[in-house]
Amino acid sequence: MDLGNLRQSSQFRLLSLLTKIAPNDVLKDLVIHEDLMKPIDLVSGARLLREQGVDKMFKLASVAPPWKNYIRLYFIPSVYAVAENVAQQLKRHEVEKTVSYHIIVVPKVLTVIHSFFESLGVLDFVTLHSYSWDFIPLDSNLLSLELHHLFKASFLKEENSLLTSVAKALMSFECLLGKFSCVMMLGEKSQRVHNLMNAWKKEIQPNFPVETEFTHLIMLDRNIDFVSLLLTQLTYEGVLDENLKVKSGFVYLDADGVEGPQRLMLNATSDEIYGEIKGKHISAVFQHLSKKAKELQQKRDIKNTDSIEEMKNFVSHDLKKIQSQQKSLALHISACEIVMKRQAGILEELLELQEDAMSGTKMKEYLAFLEDSVARQFDLATILRLCCLYSIMEDGLPEKEYQLLQRQLLQAYGYRHLATLHYLQRLGLFNQRDSKMISLEPLLPDRFARAASLRSEHIPFRKICQRLNLLPVDESSQANPCAKSGQHPSYVFGGVYTPLVYHLVEKCVREKEPSLGDYVRCFGNNLRIGDCSHPQSSARGKVLVCFIGGVTLAEVASLDLLSRQLGRQIVVATTSTISGPDFMESIASQHTDT
C-alpha cells in the first residue's frame, strides 16, 4: 500500500496556503507550537519550508520571539488557551504598519477563537487561516491526524466541530485510494463523521478511483471501550508509550531516561528490529534483542573471505546495514532498561490487581489497596486508572467506598482535583453504584444532561464483556497459555482482556454477512451500518479501522495479529495515539479549555 499520496496531498495544501500568504521569494518567520513541530516535520520537512521562504523558526513561548522578517507566521492547534496566549502576545507587541501577522490554526479556526481575537482588536493586523492535513503515516499499519486535543473537545466538552477534520481526512482517503464498499460505525461521534461524509458527497459529488484498495471502513468511538485505555499495555510498543511517551512515532531518551538527544523512530519500515519486536509481549523482547545482538556480531566478525572482491562487497553493502542495525539495537536495549527501572517493584502488583478487577475476585482487597495507596500518595494517574477500572467492571463503586475514596483522593492530592473527579464522572469512569450521573445532571448544560440521560439506561460493561467473549475462559489454577505467546489477542493485556475492536473487526471481516445481534443488544443505537453494497466484500480487500478519540498501541498490535490470522491487511487510522497515563494526566490537568 502506497500512502505517499496522503503526504503529497497534505503538502500541496500547506504549500498553497503559504504561497497565498506570501510568494516563495519573500522571507518569513515561523513560530510553531510544540505539539505541531513533529507532525509539520512529517508532513513537509524543514527543507520544503525553507523553499517556501521560511527563514527563521521558533518554538512558541509565553513571549514573542526575536522577529527578523516582516511576514510573521504562527502555527498553533485549535486550543483556546493556546490561541489566547498568542492573541495576548500580539496585543502587547508594538505592531509596525509594514508587519503582517498570519495565524495558521490546525485543524480549523473555531468560532470561539475568532471571537476572542476580534474582542481584543487584533484582527486589524492579524489574518486567521485554517489548515488540516490528511492522515499522517506513523507506521506501515498506523495513520494518525495527531489531534491530541480532540478527545477532550469532543468527548469531555461535547464540542463536535473538530469532527469535520476527521470527515475531511476520510473523504481525502477515499478520493485517493477508492470508495469503501462497506461502512460500519460504533458510537455517536463515528455516526456524526459518517453523516458529514455523506452530506459532502451529495454536495461535491467527487470522483473516486474505479478500483478500490480498501473495502471496509469500521469506525468506533474511544468511549466505547475505555477498559483498553485503563489496562496496562504489555506489548513492546505499548510499554514504550506508557513509560516514555511516543510523540508522532518517535521516542526521545538519554541515559537517565528523560527526554534527550537520542531519538528512536518507531517505524517498522525503516527499522527492521522494531518491526520484529513491536508487537511482542514485553517479557519476550529482551531475549529477542539478545539473540539479535549475537547474530549481528557474528555477521560483523566475518573471517576467511574467499576473495578481496567479497570483502569489498561486504564493506560497501552488508557492513553499513549491520552498523545501522547495531545502532538501532543499542537504542532499543536502552529503552528497555529505562522501562525496567521505572516499573521495578510495581508492575507485577499492578497486573495482579488488574487481573482481580477483570475477574471480579478479591474486590475487598482491591479497595483496601486503593485506600492504602492514596494514603501513601502513589502516582495519581495510576491510582485513578485503578479506580476507574473497578468502577467500570463493577458498574460503579459502593456508596461508602465511593465517598471514602473521593474524600481521600482530594485530601491527599489537593482539592483542585475535584474537577478531575467531576470530569471522570461525566465520562462514566468514576461513579457511585446505582446513582450514576444523578448528582451531575442539575449542574450540567442541556447537552451534557442529555448525554447523561442517554447513558443512564445501559448494560454493565462486565455483561458486555461476557456476551462478546472479551474475558478469558476460567481455567482451574492454570494461567492462560496464550497470554505471552502472542497467539491470542488478549496477550496485549497479559491474557486478562481481549480488545473490543479485535472482536468487532473479526466479526465484520471474517463473515460475509456478519451477525451483529450481540452488538445491537449491547450498544443499541450506537451501532450503525452505513453503505454496505458488498460487491467486493468477499475479496481480499484491505480494511481501515478508524478510532475517534485515540487508539492505544496495544489495540493496534491486536489488529496486527488479526491481520496475520486472516491474511488480510488491516490499517488503523486514528485522531491520535493515546495511553492510560497520558489520558489521566490530561484529565487531571488544570487547563481543560479547548
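Me: Buried means under 20% relative accessible area, exposed over 50%, and partly exposed in between, using a 1.4 Å probe and protein chains only. With that in hand, which residues of H8 are buried?

Reply: They are Lys189, Ser190, Gln191, Val193, His194, Met197 and Lys201. Before we go on, note that this is a predicted model, in which local features need pLDDT of at least 70 and side-chain atom pairs count only at pLDDT 80 or more, while totals for chains, interfaces and linings use all residues. Residues are numbered from 1 along each chain as its sequence is written, and side-chain values use heavy atoms, with hydrogens and water left out.

Me: What covers those buried residues of H8?

Reply: The cover includes helix H6 (150-156), helix H7 (163-177), strand E8 (182-186), strand E9 (214-221), strand E12 (527-532) and strand E13 (542-548). Contact here means heavy atoms within 4.5 Å. The names come from DSSP runs numbered from the N terminus: helices (H or I) have at least four residues, strands (E) at least two.

Me: How do you know that the length of helix H8 agrees with what it should span?

Reply: The expected span is 1.5 Å times one less than the number of residues. For the 17 residues of H8 (188-204) that gives 24 Å, and the end C-alpha atoms are 24 Å apart, so the two agree. Just after H8, Gln205 takes a positive phi of about 50°.

Me: Why is Asn469 called exposed, and what is Gln377 called?

Reply: Asn469 has 59% relative accessibility, which is over the limit, so it counts as exposed. Gln377 has a relative accessible area of 48%, so it is partly exposed.

Me: What makes Phe58 and Trp67 an aromatic pair, and of which kind?

Reply: Rings of Phe, Tyr and Trp (its six-membered ring) pair if their centres lie within 6.5 Å; planes under 30 degrees apart count as stacked, over 60 as edge-to-face, and the rest as tilted. By this rule there are 20 aromatic pairs. Phe58 and Trp67 are 6.4 Å apart, centre to centre, with 80° between the planes, and are edge-to-face. Phe58 counts as buried at 19% relative accessibility, and Trp67 does at 15%. Another pair is Phe493 and Tyr497, with centres 6.2 Å apart and 45° between the planes, which is tilted. Phe493 is buried at 3%, and Tyr497 is buried at 0%. Back with Phe58 and Trp67: together with Tyr74, Tyr101 and Phe125 they form one aromatic cluster.

Me: How do you know that the charged end of Lys38 sits over the ring of Phe250?

Reply: The rule asks for NZ of Lys or CZ of Arg within 6 Å of the ring centre and within 35 degrees of the ring normal. The charged end of Lys38 is 4.3 Å from the centre of the Phe250 ring. Lys189 also lies over the face of Phe155, at 5.7 Å from the ring centre.

Me: Why are E6 and E12 called edge strands?

Reply: Two strands pair if DSSP finds at least two bridges between them. The order of the open sheet of 7 strands is E6-E7-E14-E13-E9-E8-E12, with mixed pairing. Strand E6 (136-139) and E12 each pair on one side only. Inside the sheet, E13 and strand E14 (570-574) run parallel and are joined by 5 bridges, with Phe547 opposite Thr574 in E14.

Me: Why is Met584 called buried?

Reply: Met584 has 1% relative accessibility, so it counts as buried. Its place is helix H24 (580-588). Not counting residues up to four places away in sequence, Met584 touches Leu230, Ala381, Leu384, Arg385, Cys388 and Leu424. Leu230 is 354 residues from Met584 along the chain, yet their C-alpha atoms are separated by 9.1 Å.
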